[in-house]
Amino acid sequence: MTSIDEARLLETAAAYGVPGPVARELLAECRPCLYLVEEKEVPESLREHMRPAARTGGLPALPDGVDWPEGREPLVLSVDCAALPRDVLDIEMPADGHLLVFTEISYPPESSMVLHVPAGVPTTERPAAYEFRGEAWETKVHEPRTLYPVPGLSIAHDREGGPHTSAFLDGDSDGDGNEGALDGFEEAVLDLAFGGHHPGVCVQIGGFSDPWDMAPDEGGLVLFAQLAGQAVDYTVCTMNLIVGTREDIAAGRYAGLRYEQQT
């Protein structure tokens with residue numbers, strides 16, 4: 001899993017005026033994630049060994065006998081599971097094959113689906129054009145963009161609830177000085193884990209969500225994937241979240257996943 005050297009963590013905390021116990025408390029409230037980003041956003045230190053692992057948009061390659069999912073939602077993401085770094089996430093992903101995510105990112109989706117196509121299964125690319133009730137229709141096809149996986153960290157939504165952190169914030173006599181220091185430190189931690197400036201607009205697998213509204217990964221649900229609309233289509237400004245139970249994700253029961261769009 002993604003980790004940060006403790007000495008470097010404490011050094012960074014001191015630079016922002018954050019006490020060591022608060023820094024350790026924050027790190028304990030983090031979960032690993034994978035960012036899927038374009039080549040230009042991959043940290044320089046990782047570029048020599050980087051390997052593409054996903055693609056936005058395009059047309060789906062499906063096994064014989066499997067048609068475009070009902071509802072004809074666009075294909076927004078294809079993930080090559082074998083190309084994902086191992087031992088990073090704390091949720092279980094397939095070891096091989098491809099995960100295809102069908103959903104609508106421009107409007108709240110009426111139907112969405114995650115489909116796993118096992119490795120070695122013959123597939124055929126499906127066309128966007130189809131016929132419905134005697135009329136010609138065409139599913140939207142987002143521009144294909146190659147994405148690369150970079151490990152990172154995500155921070156819990158209730159990260160300020162720990163005793164050391166609460167005391168640090170309550171002891172702020174200047175108003176928002178300590179809160180500003182903590183915010184700056186949190187950003188620095190995310191950058192350290194990413195190996196550069198962590199991306200704000202991207203596709204994220206696992207970890208905690210970074211929602212625009214209420215977090216959907218609560219009450220026994222964890223984040224499966226988070227897709228910023230602009231990571232798929234530069235003209236779309238939405239946050240699309242897919243959550244489920246750890247058990248369903250581990251077992252590949254993707255029909256039980258829940259989809260939420262925030263604007």
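This is a predicted model: local features need pLDDT of at least 70, side-chain atom pairs count only at pLDDT 80 or more; totals for chains, interfaces and linings use all residues.

Colleague: What is the volume of the second largest pocket, and which residues lie nearest its centre?

Modeller: The second largest pocket has a volume of about 310 Å³. Of the 14 residues that line this pocket, Gly-71, Arg-72, Glu-73, Glu-110 and Tyr-130 are the ones nearest its centre, while strand S8 (129–132) and strand S9 (135–138) each contribute at least two residues to the lining. By class, six of the lining residues are nonpolar, three are polar and five are charged.

Colleague: How should I read a cavity, and how many cavities of 30 Å³ or more does the model have?

Modeller: A cavity is a space where a 1.4 Å probe fits but cannot get out, whereas a pocket is open. Here the count is one cavity of 30 Å³ or more, and the largest cavity has a volume of about 50 Å³. Its lining consists of Thr-103, Glu-104, Pro-109, Leu-227, Asn-240, Leu-241, Ile-242, Tyr-259, Glu-260 and Gln-261, with strand S13 (239–244) and strand S14 (258–262) as the elements that give two or more residues to it. By class, this lining has five nonpolar, three polar and two charged residues.

Colleague: What is the general idea behind a nonpolar core, and how many residues does the largest one have here?

Modeller: In soluble globular proteins, nonpolar side chains tend to be buried together. In this model the largest nonpolar core has 38 residues, and those with the most contacts inside it are Leu-36, Leu-77 and Phe-224. The elements giving two or more residues to this core include S1, strand S4 (75–80), strand S12 (222–228) and helix H5 (229–232), and S12 gives the most, with six residues. A second, separate core has 17 residues, among them Ala-13, Val-22, Cys-30 and Phe-168.

Colleague: Which residues are in contact with Leu-77, leaving aside its neighbours within four places in sequence?

Modeller: The contacts of Leu-77 beyond those neighbours include Leu-36, Ala-54, Leu-99, Val-101, Leu-147, Val-203 and Leu-227.

Colleague: How many disulfides are counted in the model, and is Cys-202 buried or exposed?

Modeller: A disulfide needs two cysteine sulfur atoms within 2.5 Å, and by that rule the count is zero. Cys-202 is in no disulfide, and the nearest cysteine sulfur, that of Cys-33, is 7.7 Å away. Cys-202 counts as buried because its relative accessibility is 8%, under the 20% limit. Cys-237 is likewise in no disulfide, with the nearest cysteine sulfur, that of Cys-202, 14 Å away; at 53% relative accessibility, Cys-237 counts as exposed.

Colleague: Where does Gly-256 lie, and what is its relative accessible area?

Modeller: Gly-256 lies in the loop between helix H6 (246–251) and S14, and with a relative accessible area of 37% this glycine is partly exposed.

Definitions and conventions: Residues are numbered from 1 along each chain as its sequence is written. Side-chain values use heavy atoms; hydrogens and water are left out. On a 1 Å grid over the protein atoms alone, a cavity is a set of points where a 1.4 Å probe fits but cannot get out, and a pocket is an open set with protein on both sides within 12 Å along at least five of seven lines; lining residues have an atom within 4 Å of a point. Grid points are joined across faces, edges and corners, and a volume is the space filled by probe spheres set on the points. Helices (H or I, at least four residues) and strands (E, at least two) are DSSP runs, numbered from the N terminus. Ala, Val, Leu, Ile, Met, Phe, Trp, Tyr, Cys and Pro count as nonpolar, Asp, Glu, Lys and Arg as charged, and the others, Gly among them, as polar. Buried means under 20% relative accessible area, exposed over 50%, partly exposed in between (1.4 Å probe, protein chains only). A nonpolar core is a set of buried Ala, Val, Leu, Ile, Met, Phe, Trp, Tyr and Cys residues joined through side-chain atoms within 4.5 Å. Contact means heavy atoms within 4.5 Å.
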